[in-house]
Amino acid sequence: FFFQTAYIHNMKTIVPIAITLFSTQHAPQHHTAVTAQTESCTDIPDWVDAENDGCDWYDNNVDDYDSYAEGTTRCEAFGNCCANEDNGYTAQQACCTCGGGLQFIE
């Protein structure tokens with residue numbers, strides 16, 4: 001207890017004051033459950049580009065190193081061209097290997 005001087009009706013009196021100190025050490029803990037989530041991707045089913053190449057064709061590097069640097073992927077070289085005429089998707093939109101496809105969090 002601490003004491004403080006107070007004046008009540010012009011009379012001096014000493015009033016005990018209780019002070020409660022809070023510590024974070026004993027404060028209620030809030031826990032958030034963390035669950036493991038995995039990401040998965042599925043190519044848009046039956047998608048092919050305007051040249052009739054599917055997503056599996058885009059999984060590889062280009063063959064023509066005269067026009068492209070060695071190691072250039074087909075996604076990098078052709079992924080934004082040759083949209084499917086039926087749905088308008090390019091490989092970059094339809095294929096997981098190119099960063100598209102249907103993304104899921106499980």
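## Close-up views of the cysteines and the core

**View 1. Cys 98 and its disulfide partner, Cys 75.** Cys 98 is buried, with a relative accessible area of 15%, and the model in which this value was computed is a predicted one. A disulfide joins Cys 98 to Cys 75, with a distance of 1.9 Å from sulfur to sulfur. The torsion about this S-S bond is about -75°, so the link is left-handed. The two residues belong to distant parts of the chain, 23 residues apart, with Cys 75 in helix α2 (residues 74-78) and Cys 98 in the loop between α3 and β4. Cys 75 is likewise buried, its relative accessible area being 8%. Once neighbours within four places in sequence are set aside, the residues in contact with Cys 75 are Tyr 58, Gln 92, Thr 97 and Cys 98.

**View 2. The disulfide of Cys 55 and Cys 95.** The sulfur atoms of Cys 55 and Cys 95 lie 2.0 Å apart and form a disulfide, which is left-handed, with -80° about the S-S bond. Because Cys 55 lies in helix α1 and Cys 95 in the loop between α3 and β4, the pair ties together parts that are 40 residues apart in sequence. Cys 55 is buried at a relative accessible area of 8%, and Cys 95 also counts as buried, at 0%.

**View 3. The disulfide of Cys 41 and Cys 96.** Here the sulfur atoms of Cys 41 and Cys 96 are 1.9 Å apart in a disulfide, and the link is left-handed, with -90° about the S-S bond. Cys 41 is in strand β3 (residues 39-42) and Cys 96 is in the loop between α3 and β4 (102-105), so this bond ties together parts that are 55 residues apart in sequence. Both ends count as partly exposed, with a relative accessibility of 31% for Cys 41 and 24% for Cys 96.

View 4. A search of the whole structure finds 3 disulfides, and when the bonded cysteines are numbered in sequence order, their pairing reads 1-5, 2-4, 3-6. Cys 81 is partly exposed, at 29% relative accessibility, and Cys 82 is partly exposed as well, at 27%.

**View 5. The largest nonpolar core.** This core has 9 residues, among them Cys 55, Cys 75, Cys 95 and Cys 98. Helices α1 (55-58) and α3 (91-94) each supply at least two residues of the core.

Key. Residues are numbered from 1 along each chain as its sequence is written. This is a predicted model: local features need pLDDT of at least 70, side-chain atom pairs count only at pLDDT 80 or more; totals for chains, interfaces and linings use all residues. Side-chain values use heavy atoms; hydrogens and water are left out. A nonpolar core is a set of buried Ala, Val, Leu, Ile, Met, Phe, Trp, Tyr and Cys residues joined through side-chain atoms within 4.5 Å. Buried means under 20% relative accessible area, exposed over 50%, partly exposed in between (1.4 Å probe, protein chains only). Helices (H or I, at least four residues) and strands (E, at least two) are DSSP runs, numbered from the N terminus. Contact means heavy atoms within 4.5 Å. A disulfide is a pair of cysteine sulfur atoms within 2.5 Å.
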